[in-house]
Each structure stands twice: as structure tokens, then as C-alpha cells.
Amino acid sequence: MTGLPLMGVFVLAIALLILMISKWKIHPFLSLLFVALSFGLIGGIPLAEITDVIGEGFAATFKSFGLVVIFGTLIGFILEKTGAAFQLADAIVRVIGTRHPVLAIQLMGWVVSIPVFSDSGFVILNPVRRALAQRTGASPATMAIALSAGLFTSHVLIPPTPGPLAAASALGPRPGG
């Protein structure tokens with residue numbers, strides 16, 4: 001299968017993945033594995049080769065940024081379980097004030113995203129965002145948008161961040177050019 005039918009199956013695979021994770025509450029890893037296996041079979045990859053293709057895809061993802069996401073998740077989990085997220089939220093409230101929690105989380109995102117990928121920064125700061133929203137009564141959705149805005153602003157606009165460096169690396173910068 002190629003072309004437009006394969007693209008249609010891809011869209012259905014994404015919809016199935018979202019449904020499995022959000023509605024049916026199947027673990028994301030298992031959902032992704034099932035959808036990848038199904039999509040590979042429908043796409044015409046022989047069954048004997050599918051495990052190699054899926055394994056190579058997971059290995060490439062893990063090698064490129066999987067460790068950063070895993071460690072970021074661990075840091076976020078530790079921040080949440082030890083109460084450090086509440087301590088950070090309290091410190092931010094003391095500095096910025098209770099009237100501007102959205103600005104506080106946006107500034108945190110802006111600073112954290114300079115040395116860290118924005119998706120990892122979100123994983124790390126999400127417990128702080130929840131704690132800050134709880135402490136100040138701010139809307140959790142507004143706080144999530146503010147955090148994302150702060151993370152993406154510095155990630156996209158400040159040159160030494162990983163995003164522009166990864167883009168330059170992918171383009172293969174030439175010496176003297």
C-alpha cells in the first residue's frame with residue numbers, strides 16, 4: 001500500500017492511538033507498540049521484518065532524545081513526590097507575588113528552556129505548574145499555556161538552545177560558510 005491510502009491509514013492509526021490512550025486508558029507504550037505493529041502489517045512490511053523496523057525506530061528515538069525525556073520525567077516525579085514542587089511554587093509566589101502566577105510560570109519556562117529541550121522542560125516543570133496553580137487558584141489550563149509559551153519562546157529564539165543547535169546539526173553546517 002502506498003500513496004493516499006497509506007496516508008489515510010496513518011491518520012486512522014494516529015486516531016486509534018489517541019483513542020487507546022485517552023479513552024480506553026491503555027498504557028501509552030503498549031498502545032504505541034500495537035499501533036506500530038498494525039500499521040506495519042497494513043503498510044505491507046513482512047511480519048518477520050516488523051520487529052526490526054519497530055526496534056530501529058525505538059532505538060533511534062531513545063538514542064536521540066529518549067534519555068533526556070526519561071531523566072526529565074524522573075526529575076519531575078521526584079519534585080512532585082518530595083514536595084519540592086510546592087517549595088518552588090512557594091518561592092516563586094514570594095518573589096513574583098500571588099497576583100501574577102501566570103507570569104511566574106512563564107518566566108520559569110523561559111529560563112529552563114535555554115539549556116533543555118522544551119518538551120523535557122514541560123515534563124520537569126509540570127509538577128511545579130500544578131503546585132503553583134493550586135497555591136494561587138490560577139487556572140491550570142492558563143498555567144499550562146503560559147508554561148508552554150515560556151518554554152517555546154526561549155527554545156525557538158535563543159541560539160544556544162538545543163532546538164537551533166539540532167537544526168544546524170541536521171543541516172550539516174559547513175566550515176567557513
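This is a predicted model: local features need pLDDT of at least 70, side-chain atom pairs count only at pLDDT 80 or more; totals for chains, interfaces and linings use all residues.

How are α5 and α6 oriented to each other, and why?

Guide: The axes of α5 and α6 come within 10 Å and cross at roughly 165°. An angle over 145 degrees counts as roughly antiparallel, and α5 and α6 are therefore roughly antiparallel to each other. Their crossing is right-handed. On the side of α5, the contact is formed by P101, A104, I105, M108, G109 and V112, while α6 contributes G121, L125, V128, R129, L132 and T136. By class, these residues comprise 8 nonpolar, 3 polar and 1 charged.

Helix α6 also meets α7. The axes of α6 and α7 come within 10 Å, crossing at roughly 145°, and this crossing is right-handed. Among the residues of α6 in this contact are G121, L125, R129 and L132, and those of α7 include M143, L147 and L151. The contact of α6 with α7 has 10 nonpolar, 5 polar and 1 charged residues.

The nonpolar core is the next topic. The largest nonpolar core has 19 residues, of which I92, I105, M108, V128, L132 and M143 touch the most other members. Helices α4 (84-96), α5 (101-112), α6 (118-136) and α7 (140-157) each supply at least two residues of this core, and α6 gives the most, with 6 residues. As for M108, leaving aside its neighbours within four places in sequence, this residue is in contact with I92, L125 and V128.

Key
Residues are numbered from 1 along each chain as its sequence is written. Side-chain values use heavy atoms; hydrogens and water are left out. A nonpolar core is a set of buried Ala, Val, Leu, Ile, Met, Phe, Trp, Tyr and Cys residues joined through side-chain atoms within 4.5 Å. Buried means under 20% relative accessible area, exposed over 50%, partly exposed in between (1.4 Å probe, protein chains only). Helices (H or I, at least four residues) and strands (E, at least two) are DSSP runs, numbered from the N terminus. Contact means heavy atoms within 4.5 Å. Axes are lines fitted to C-alpha atoms, for helices over the stretch in contact, and angles run from 0 to 180 degrees between N-to-C directions. A crossing is left-handed if the near helix is turned anticlockwise from the far one by less than a right angle, and right-handed if clockwise. Ala, Val, Leu, Ile, Met, Phe, Trp, Tyr, Cys and Pro count as nonpolar, Asp, Glu, Lys and Arg as charged, and the others, Gly among them, as polar. Angles under 35 degrees count as roughly parallel, over 145 as roughly antiparallel, 65 to 115 as roughly perpendicular and the rest as oblique.
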